Every structure is written in C-alpha cells, then in structure tokens.
Amino acid sequence: MTEGEQYMRRAIQLAERGRHRVMPNPLVGCVLVRDGEIVAEGWHDHLGGLHAEQMAIADAESKGISTRGSTAYVTLEPCNHFGRTPPCTESLLWAGVEKIVIGAMDPNPTVRGGGCASLDKNGVEISHGLLAEECERQMAEFIHWCKWRRPLVTLKASTDMEGRVDGPQDQPSSRFSSEEAMSRAHQMRADSMAILVGVGTIIRDDPSLTVRGPIISPREPPVRVVLDPKNRTPPRSVVMLDGQAPTLLVQSSKFDDSSDGDHVRRVVIPGPKMEVLTILEMLGDMGIQALLVEGGVETWRIFLDSDLVDRVRTCTSSVTLESGGKKFDTDMTGYGMIKVSEEEVDGDTVCWWE
Ligand SMILES: [Zn+2]
C-alpha cells in the first residue's frame, strides 16, 4: 500500500462514522496531511452536520495546527455549492490547502466537476481516482441515485432449512432468524431510506417496519412502502396507526383516505400491473436513494423478475418450520447474480449476491 493509499484508507474509515445518519448525503471522510503525517481528521457525521473537509479543518484549528501547505485526502470531490453548509471548496482555499487528492468524483449533475474546476482555477494541485472503487462502493446508494434517479435496491429474504419462509397459513407466523441475524437486519433498515413490503406481509405479520437498534437521527426514519393495489391494508395495522415513520401506500386507483393518520400517504400507479420500474422512479423522484425490499415471496419474485434488484441478502436459518408454508429458492444464480460472500451467523447462513 502506498502512503497515499494509507491516507485515503483512513479517510474511508472515518467516513464510516456517519453510517445510517447522513442520508441522503453520502458518507465522506477527509484527512489533512503535512510532512508525511496526518494532522487532522474529519467526516460527515450526521445530516445537517459539517462536511468532512470542514470538520478536518476545524480539527486542525482546535489543535492549534496550521493547515497551510497541507494536502487533503477526501473520499469525494469537494462540494462547490451552497447546501446546508457553505461550499467546501471555499473552506479548503481559505485554509490554505495546497494539494487535494480525491477518491470519487461527484456524480451529481448539478455540481459535476465544479469542485475540482474551482480549486484548479485557484492554483490548488488536484489529483483524483485514488481508491476510487472503494470510495464509490461506500457511497453506492448516492452514486446510483445520481446516475439513475432511482434507489439502489437491496432485497432481503429469509428461509428455514427447507426454503420455507413461513409456517402454515392457518397458524400465527413465527420469527425464526437468530438474534444476531435480526440485529443485522436492523442495520440494513438503518442503511435504507425506504422499506418495501407487499400488502400480504402487512396482513399476515402486521410488522412495524421501523429501525430498532442503530441510531439514525437526526435523519428521518425510512419510509414504509406497502404495495397495495387493491386497498387491502387493514386500517388497524401498525403501519397505519403508529406514526413512528412515514407510511406510503402504493395503489392502483384512488381509495378513501379520510381516516388516514398524518404519517400516511397514498400514491396511485394506474393500470392492472404495477411495473417495478415505475415504482422505483416514483421513489427516486421522492429522493429515496436506498430501498430495502423485505417481503414476502410474491414481492421478491416481482422485483427479481424485473431485473432491477442490485443486491440480495439471503439468510437460511437452521430451524425447520412446520410444512405447509410458502417456499423460496435462495439460489440467485438464475437471476444472473453471483454469491459474493457467505457467512455463518449464530447458526444461520447469510449470503450476499450481486
Ligand atoms: Zn462539502
């Protein structure tokens, strides 16, 4: 690993500290280097907080270290527009940073190349593309949304040993994943801006679909999206009543919404069949960058058949459910995906497919 790569890797590591809390902004980290030594560190910590570059400059200031003549390693091209904070390009110029090494270029069309161009004009030496792949992977949802204007789609499916997702329909559904697998499932929710289920899951399980565990504030909790073309969501279901997160019903025509709570919204996608692409474009227009598809079997199939799922996480439990329930084949090779990892988690087998 070169020295530059070490600095950039540290910036990537710092960026992780903002996980779950910066969306719709990307995870960004920054280090300032002088005389071969990291003198200050920063990261985008939470939505509305300082950008990574600004935090690194503030870190140097608080230590009484001059930033003049330093080199900044930053995982994303510095912003050049006034958002929630003033542009980082100005902060870097003001701090007297001499050289900037960038991981990923900003894919956002409104600022494309703007950051680099403005710094270059002011005599700052710029290079980019260092560990770009790793930087881009860390901010995959952001880059995907900027490129396609629709969310990156992650599908999560759990089955028992025999591929069953549920016991017999005439019995109450049971939870069968391990504690650790459940805790990771909440991490996945915390990495999302929306969580989608079919109405059958609401009727069968009445889930709350909220994030429990990871801290995501101050950003909004993920929107709970229910595919409910024919208005079958029970008015007394948790997602309709609890107001813990926004709920969005996707329906095929207009239905009575007079008794909906303030957290409930309905959108109409007309036609006999809801196209996944249309749903994703609608969510993308709402600014949703990361979608988690949670269930059930029909919804998984509709999404997988659309070829618009970016990654799949399957969890096979060591438990065997009583027969009679629905089944799902967790081998994703038929959908043109490859298994990128496999891990034992408390007796469950967790695989990632891309
Ligand atoms: Zn910035």
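The tour goes from the core to a helix and then to some loops.

Before you start, note that this is a predicted model: local features need pLDDT of at least 70, side-chain atom pairs count only at pLDDT 80 or more, and totals for chains, interfaces and linings use all residues. Residues are numbered from 1 along each chain as its sequence is written.

**The core**

Select A11, C30, Y73 and V74 to begin. Among the 83 residues of the largest nonpolar core, these four touch the most other members. A nonpolar core here is a set of buried Ala, Val, Leu, Ile, Met, Phe, Trp, Tyr and Cys residues joined through C-beta atoms within 7 Å. Buried means that 20 or more other C-beta atoms lie within 10 Å of the residue's own; exposed means 12 or fewer, and partly exposed is in between, with C-beta atoms placed from the backbone.

Helices (H or I, at least four residues) and strands (E, at least two) are DSSP runs, numbered from the N terminus. Colour domain 1 (3–144) and domain 2 (149–353) separately: both give residues to the core, so it lies between them. These bounds come from an automatic or database domain assignment.

Which residues does V74 touch? Leaving out residues up to four places away in sequence, its partners are A11, V28, C30, A52, E53, I100, I102 and G103. Contact means C-beta atoms, placed from the backbone, within 7 Å.

**Helix α4**

Next, select residues 114–121, helix α4, where G115, C116 and L119 are buried. Look down the axis: the buried residues of α4 fall within an arc of 95° (taken from the directions from the helix axis to the C-beta atoms), so they line one face of the helix. Show α3 (88–94), β4 (99–104) and β5 (125–128) too, as they are included in what covers those buried residues. After α4 comes G123, with a positive phi near 80°.

Go to the loop between α1 and β1 (29–34), the place of P24. M23 and P24 are joined by a cis peptide bond, with omega about 10°. Another cis bond runs from S217 to P218, with omega near 10°; P218 sits between α8 (199–205) and β8 (223–227).

Finish with D307, in the loop between α11 (297–306) and β12 (311–316). Its phi is positive, about 65°, although D307 is not a glycine. Is D307 buried or exposed? D307 is exposed, because 10 other C-beta atoms lie within 10 Å.

Conventions. Two residues are in contact if their C-beta atoms, placed from the backbone, lie within 7 Å.
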